[in-house]
Amino acid sequence: MSETLTSERMNGRTSEKKTRRKLQHRYLRLRRNMIIIMVLVTIVPLTLMLLINAFQYQSKIKSERIEPMRAIVNKSTHSFELFLEERISAIRFLASSYTFKQLSEQKILNQVYHDLRDTFGGYVDLGLINSKGIQVSYAGPYELLNKDYSEQQWFQEVQVRGTYISDVFMGYRKFPHIALAAQHLKPDGTFWVLRATMDTKKFDNLIAAMGLSPISDAFIINPNGILQTESQFYGDVLEECRLSVPRGGAGTHVTEKTDPNGREVFQISSNFLKHDYTLVTVIPREIILKSWHSLRQEMILIFIISFVAILMVIFWVTTQLVKRIQDADERREAAFRNLEYTQKLSSIGRLAAGVAHEINNPLSIINEKAGLLKDLVEHDRYQDKDKLLKMTASINQSVNRCKSITQRLLGFARQIGVHYEMLDVNEVLKETIGFLKKEAISKNIHTRYELDEELSKISSDRGQLQQVFLNIINNAFAAVEKGGEVALKTREVDAYTIAASISDNGTGMTNETLKQIFEPFFTTNKQYGTGLGLSITYGIVKKLGGDIKVQSKLGEGSTFTIYLPKKQAGEQNE
């Protein structure tokens, strides 16, 4: 007996440890899920807002930095065009102000050349060319008198357009310069051409006036991509520009790209309106977005600080919430245990009468047999040995019966707590109905069994199952009239579950009652019912890992079916 109690206590502690571990795992999982959800709810919008703001700030800063540069490039383009227009206008004015004869005189041409160079600067030489393309007079440092230009393309072009501005070239002069020519057309159809050349230093001055940073670049290219001015990073004068500059229409165009040197740059280009030149400005991305980089670092720092602060709050709030939930669950569990224990005491009270009847009968037999045995001994009638042995056997049988009844009562009344053991549900059902045998007889209730003799044993708690079956059978007895029937049935459901059904042919329930029978304090017996029996029964079945279903029809009876797992969750994993 002592070894059995020790084994039960050990099993109880093991089961309690498993239950506690399961609860701790559930609270950890709840805390983890709450943290994940709260992080998603807070961090995701914050991250999206950061990305959207970053994109908007970057676009705004880029626009604020690009627009002034676009204006500078556009203004510089107009300056170049005004410069070239001013120079060609001066040549055209001279061609219209002097006659061919006057400019043919070397003295007058020299004077005009010096006046032109002193007034505008940058002019290298000046020549007069007749209609046959022969340079008939020349003022300048080179020996170009009588040079024949009749086969050159510019001479043909000036006859068509009236003026001509060349690309930058080296020529006889061996330094970068451009040629400007203006045609003087006479009324009789004959013409002559005044041609001047000038260096491109003025181009460099105009580019320097743009005020670019040392790591930026600006240059002019012709339609073929040939540099007309020197570039700091993409080639010298008259070399092909190493940076691809697509030709666009009128206006200023901005392109973000990676240059041949691997730098991320903004390319701002503007085409000349009257000449086939393009002014190109290249500014590194780091200069344009310098203020953005500073702002981005501040935004990232603020985001990291906010992220850490939110995480700390989430962890603290989640821990407090889970702790409160755990405390509430523990209080609810304690309240449920108290209700369950109260219900058990109530059931024990109802059982007391039946147990008293059960024990009184064998005690009467013991008393009677013991008195008879005393009489036989007093009269020294040992010759009735067989009769004495029968009396002794009857006394032992009655004592064993009393022992069985008291053990069942003790098993039912032991302390609340789940103690799993391998059980035969058929045996538990028969044992439980044994408590109510007297009540069944007194009400003339017929008890019918349809028990599956091959039913698998299950791992469950005997006392808890007894309380479940007792509550339902008590309700069934209460529902039937005298001469009614209560049927007990067991069956295999599947490889993991068995089912025990308790049916009666009593009053049955309405659908409204059926929906409420498991609610605490709901009862149809206003005089004696507490309304806790079925709610506690439902809680016990759930605690044992099972389920309970009810079918009922008013006037035809009810069937309670308890589904029980063959093994507990932890045992199934094992």
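D236 sits in the loop that runs between β6 (217–221) and β7 (252–258). This is a predicted model, so keep that in mind throughout. Is D236 buried or exposed, or in between? Its relative accessibility is 39%, so D236 counts as partly exposed. D236 also belongs to a negative surface patch, together with D204, E230 and E239.

L238 is in the loop between β6 and β7 as well. Its phi is near 70 degrees, which is positive, and L238 is not a glycine. L238 is partly exposed, at 31% relative accessible area.

Another residue with positive phi is N444, near 60 degrees, again not a glycine. You will find N444 in the loop between α10 (437–442) and β11 (446–450). N444 counts as exposed because its relative accessibility is 54%, and the cut-off for exposed is over 50%.

Now salt bridges. How many are there? The count comes to 19. One of them joins R263 and D259, with 3.2 Å from N to O. D259 is buried, with a relative accessible area of 4%, while R263 is partly exposed at 21%.

E450 pairs with R448, and their closest N and O atoms are 2.0 Å apart. E450 is partly exposed at 36%, and R448 is partly exposed at 30%.

D547 and K542 form a salt bridge too, with the closest N and O atoms 3.3 Å apart. Salt bridges with shared partners also link K62, E256, E264 and R285 into one network.

That is my part.

Conventions. Residues numbered from 1 in each chain as written. Predicted model: local features only at pLDDT ≥ 70, side-chain atom pairs only at ≥ 80, totals over all residues. Heavy atoms only, no water. Patch = residues over 30% accessible without salt bridge, like charges linked within 9 Å, V, L, I, M, F, W, Y side chains within 5 Å. Areas by Shrake-Rupley, 256 points an atom, 1.4 Å probe, with all protein chains shown as cover. Salt bridge = Lys/Arg side-chain N within 4 Å of Asp/Glu carboxyl O. Lys, Arg positive; Asp, Glu negative; His and termini not counted. Charge placed at Lys NZ, Arg CZ, Asp CG, Glu CD. Helix = DSSP H or I, 4+ residues; strand = E, 2+ residues; numbered from the N terminus. Buried < 20%, exposed > 50% of the residue type's maximum accessible area, 1.4 Å probe, protein only.
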